[in-house]
Amino acid sequence: MSSKIVTISREYGSGGKYIGELVAKKLGIPFYDKEIMEKIAEETGFVNEFIERLAEYAPSKSIFAYAFVGRNSLGESMEDYIQNVQRKIILDLAEKGPCVIVGRSADYILRDRADVLNVFIHGGEEEKKKRICSLRGVSEAEAVKLMRDIDKKRSVNYKYYTGQTWGNIKNYILSLNSTEIGVENCAEIIAQVYKL
């Protein structure tokens with residue numbers, strides 16, 4: 001297969017970002033996550049917190065919310081504008097060379113390329129909850145709420161901008177359970193498949 005780009009979609013708390021960092025390190029290629037938001041901020045002049053809210057997460061947990069957002073004279077919402085800038089940046093990064101891109105519908109944006117390894121990372125609820133509590137310093141109840149809210153918003157955003165179902169195994173070459181396999185082993189599997 002000889003991949004050039006790795007995209008990692010992930011459930012919140014599954015360790016997908018960390019796995020992506022490990023993969024990039026193992027392969028000696030650039031890693032992009034928050035760096036994409038910084039590039040969007042440079043291009044648009046918007047602050048990172050605003051971009052983060054609009055670039056990957058839906059404004060609400062319902063796809064119908066998109067029908068009620070404000071639009072400019074061209075019919076483009078702020079969300080659409082940010083998505084278009086994000087899409088351009090991801091396409092540019094892929095053209096520059098091998099890299100790992102986490103989230104941001106990169107699997108869909110790069111769907112016409114033959115050199116992309118699309119991965120979905122998921123995990124068990126208890127393990128994800130523990131990871132979120134540890135990293136975010138929140139209670140178990142707050143961790144569960146974050147997991148559900150963020151994954152739901154990612155799902156709605158993905159559906160709205162791609163017409164696809166987020167987490168559908170048919171959209172990915174690999175789907176790995178970080179709880180069962182372990183984050184280090186997930187990274188090793190991805191790196192090995194990348195080299196095929």
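Which residue just after α2 takes a positive phi? Gly45 does, at about 85°.

This is a predicted model, in which local features need pLDDT of at least 70, side-chain atom pairs count only at pLDDT 80 or more, and totals for chains, interfaces and linings use all residues. Residues are numbered from 1 along each chain as its sequence is written, and side-chain values use heavy atoms, with hydrogens and water left out.

**Helix α2**

Helices (H or I, at least four residues) and strands (E, at least two) are DSSP runs, numbered from the N terminus. Helix α2 spans residues 34-44. Its buried residues are Ile36, Met37, Ile40, Ala41 and Thr44. They share one side of α2, because they cover an arc of only 145° around the axis. That arc is taken from the directions from the helix axis to the C-beta atoms. Buried means under 20% relative accessible area, exposed over 50%, and partly exposed in between (1.4 Å probe, protein chains only). An α-helix has 3.6 residues a turn, so residues three or four places apart point the same way.

**Aromatic pairs**

The whole structure holds four aromatic pairs. Rings of Phe, Tyr and Trp (its six-membered ring) pair if their centres lie within 6.5 Å; planes under 30 degrees apart count as stacked, over 60 as edge-to-face and the rest as tilted. Phe46 sits in the loop between α2 and α3 (48-55), and Tyr81 in helix α4 (residues 78-96), so the pair ties together parts that are 35 residues apart in sequence. Phe46 is partly exposed. Tyr81 is partly exposed as well.

Phe120 and Trp166 make another edge-to-face pair, with centres 5.4 Å apart and planes at 80°. Phe120 belongs to strand β4 (residues 116-122) and Trp166 to the loop between α7 and β5 (174-177), so this pair ties together parts that are 46 residues apart in sequence. Phe120, Trp166 and Tyr172 form one aromatic cluster.

| Residue | Relative accessible area | Class |
|---|---|---|
| Phe46 | 25% | partly exposed |
| Tyr81 | 30% | partly exposed |
| Phe120 | 5% | buried |
| Trp166 | 16% | buried |

**Helices α6 and α7**

Helix α6 (residues 125-136) packs against helix α7 (residues 140-162) at an angle of about 105°, with the axes 9 Å apart. Therefore α6 is roughly perpendicular to α7. Axes are lines fitted to C-alpha atoms, for helices over the stretch in contact, and angles run from 0 to 180 degrees between N-to-C directions. Angles under 35 degrees count as roughly parallel, over 145 as roughly antiparallel, 65 to 115 as roughly perpendicular and the rest as oblique. From α6, the contact residues include Lys128, Ile132 and Arg136; from α7, they include Val144, Met147 and Asp151. Contact means heavy atoms within 4.5 Å.

**Ile19**

Ile19 lies in helix α1 (residues 16-27). Its relative accessible area is 0%, so Ile19 is buried. Not counting residues up to four places away in sequence, Ile19 touches Ile8, Ser14, Ile121, Ser178, Val183, Cys186, Ala187 and Ile190.

**Arg104 and Ser105**

Most residues other than glycine have a negative phi, and most peptide bonds are trans. Arg104 has a positive phi near 60°. Ser105 has a positive phi near 55°. Arg104 is in the loop between β3 (99-102) and α5 (106-109). Ser105 lies in the loop between β3 and α5. Arg104 is buried at 2% relative accessible area, and Ser105 is buried at 10%.
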